[in-house]
Amino acid sequence: MSLLILTTGIDEQNLARALQDTDPDLDIHIGLDSRNLDAVRFVLAWKQPPGSLTKLKNLEVIFSLGAGVDHLLRDPHIPDVPIVRFVDPNLTQRMVEYVVLHVLAHHRYLQDYISLQEGAEWRELDQPIASDVNVGIMGMGQLGMHAAHALRDLGFNVQGWSRSPKNVENITCFAGQSELTSFLEQTEILVCLLPLTSQTKNVLDRQLLDKLGTWASDRKPALINAGRGGLQNEADIERALREGDLRGATLDVFNEEPLPPKSSLWKAPNLFITPHNAATSDDKAIARYVCGQIRNYEQGRGLENLVDVASEY
Ligand code: NDP
Ligand code: OXD
């Protein structure tokens, strides 16, 4: 069984070691310079150069190194073989930690207290309790659903928005474009965990932000985006922060990554910036996952977490 690792911006040697440790029988190749590409039946890819996968004449399955697959599907020459995305408790736990951290940071005015401390100012800000705060999650999939449960268990009023309707205990669920405005109007802290597709591109714009409500408290809304940079209009978010219409924001993902040093976002008020690491794909976890899927596939048991290419996620 031959697997090719084809990525940009990833330590491929570490990944190869983790795969080899997990399955010593796997014949691992790295990059397109490797000999005998015709033997390759599986590829583990992240932001592969467009068109490169067409060189693999005997490719049977594409594994995405991440949960998101926009990096694969933007390639117009993607081969017509099954695409498996990364779904794993390790990744999910990391994302839940990130979402809980940043919801609490905005809820408990972390940025404001950092500023107050810098000015040696002892001042208490009026603090609502979590049960008086509505958190809305856009994207109630693997990651959004687990984050929603964790926030609900902390006492927040949680609501979710997805493409198809959902029924979840103690979480108010909205679905589709027709229910988006109602969802937003009842959301004070918005968490975006959508995939980037042609339907979701640029969804986080000023028009959407202006619909966010404050619900029980009279605070301005806050935004957290850990989905993809292409979901957000960065100029709109920055303006809303500077004009005070957004109380705070957290962005883990950007239209251009790394975020260029000259970007004015670095200086935007009340903005937490993280380097697309809300939930990184752990080498050992991905190795276990890919080797397990290959084993199942070879034994005729089928693949899990297949991407619906028509829906783009
Ligand atoms: P899933 O595919 O499990 O969930 C996607 C969710 O988005 C589903 O609830 C889906 O609705 C909803 N959705 C998709 N399109 C629309 C639409 N047009 N309108 C409304 N809802 C929509 O993905 P995951 O939860 O596993 O991952 C989500 C994203 O998180 C990834 O695509 C990736 O971009 C990002 N990510 C970021 C990481 C980081 O470190 N920053 C790490 C990992 C992932 P439905 O349930 O009806 O299908
Ligand atoms: C992912 C990511 O999609 O890390 O998994 O962004």
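Tutor: Keep in mind that this is a predicted model. A polar side-chain atom of Arg228 sits 2.7 Å from an oxygen atom of ligand 2. Taken alone, ligand 2 exposes 210 Å², and the protein buries 86% of that.

Student: Which backbone atoms lie at 2.7 Å or 2.8 Å from an oxygen atom of ligand 2?

Tutor: For Ala67, a backbone N or O atom is 2.7 Å from an oxygen atom of ligand 2. For Gly68, a backbone N or O atom is 2.8 Å from an oxygen atom of the ligand.

Student: Which residues are around ligand 2?

Tutor: The residues around it are Trp46, Gly66, Ala67, Gly68, Arg228, His276 and Ala279. By class, this shell divides into three nonpolar, three polar and one charged.

Student: Ok, pockets. How much space lies in the second largest pocket?

Tutor: About 240 Å³. Its lining has 13 residues, and those nearest the centre are Lys47, Asp70, Arg74, Arg228 and Phe254.

Student: What lines the largest cavity?

Tutor: Its lining is made of Ala105, His106, Tyr109, Leu110, Gln111, Asp112, Arg247, Gly248 and Asn270. They divide into three nonpolar, four polar and two charged.

Student: Which helices supply at least two residues of that lining?

Tutor: Helix 3 (89-107) and helix 4 (110-118) each do. Helix 4 gives the largest share, three residues.

Student: Why look for such spaces with a probe?

Tutor: A probe the size of a water molecule, rolled over the atoms, shows where empty space is left.

Student: New topic. How many aromatic pairs are there?

Tutor: The structure holds five aromatic pairs. In one of them, the ring centres of Phe42 and Phe63 are 6.4 Å apart and the planes stand at 40°, so the pair is tilted.

Student: Where in the chain are Phe42 and Phe63?

Tutor: Phe42 is in strand 3 (residues 42-46) and Phe63 is in strand 4 (residues 61-64). The two are 21 residues apart, and the pair links distant parts of the chain.

Technical notes. Residues numbered from 1 in each chain as written. Chains lettered and ligands numbered in written order. Predicted model: local features only at pLDDT ≥ 70, side-chain atom pairs only at ≥ 80, totals over all residues. Heavy atoms only, no water. Near = heavy atom within 4 Å. Polar contact = N/O pair within 3.5 Å; in protein donor to acceptor, adjacent residues only side chain to side chain. Areas by Shrake-Rupley, 256 points an atom, 1.4 Å probe, with all protein chains shown as cover. Nonpolar A, V, L, I, M, F, W, Y, C, P; charged D, E, K, R; others polar. 1 Å grid on protein atoms, 1.4 Å probe; cavity = no way out; pocket = protein on both sides within 12 Å on 5 of 7 lines; lining within 4 Å. Points joined across faces, edges and corners; volume = space filled by probe spheres on them. Helix = DSSP H or I, 4+ residues; strand = E, 2+ residues; numbered from the N terminus. Phe/Tyr/Trp six-rings, centres within 6.5 Å; stacked < 30°, edge-to-face > 60°.
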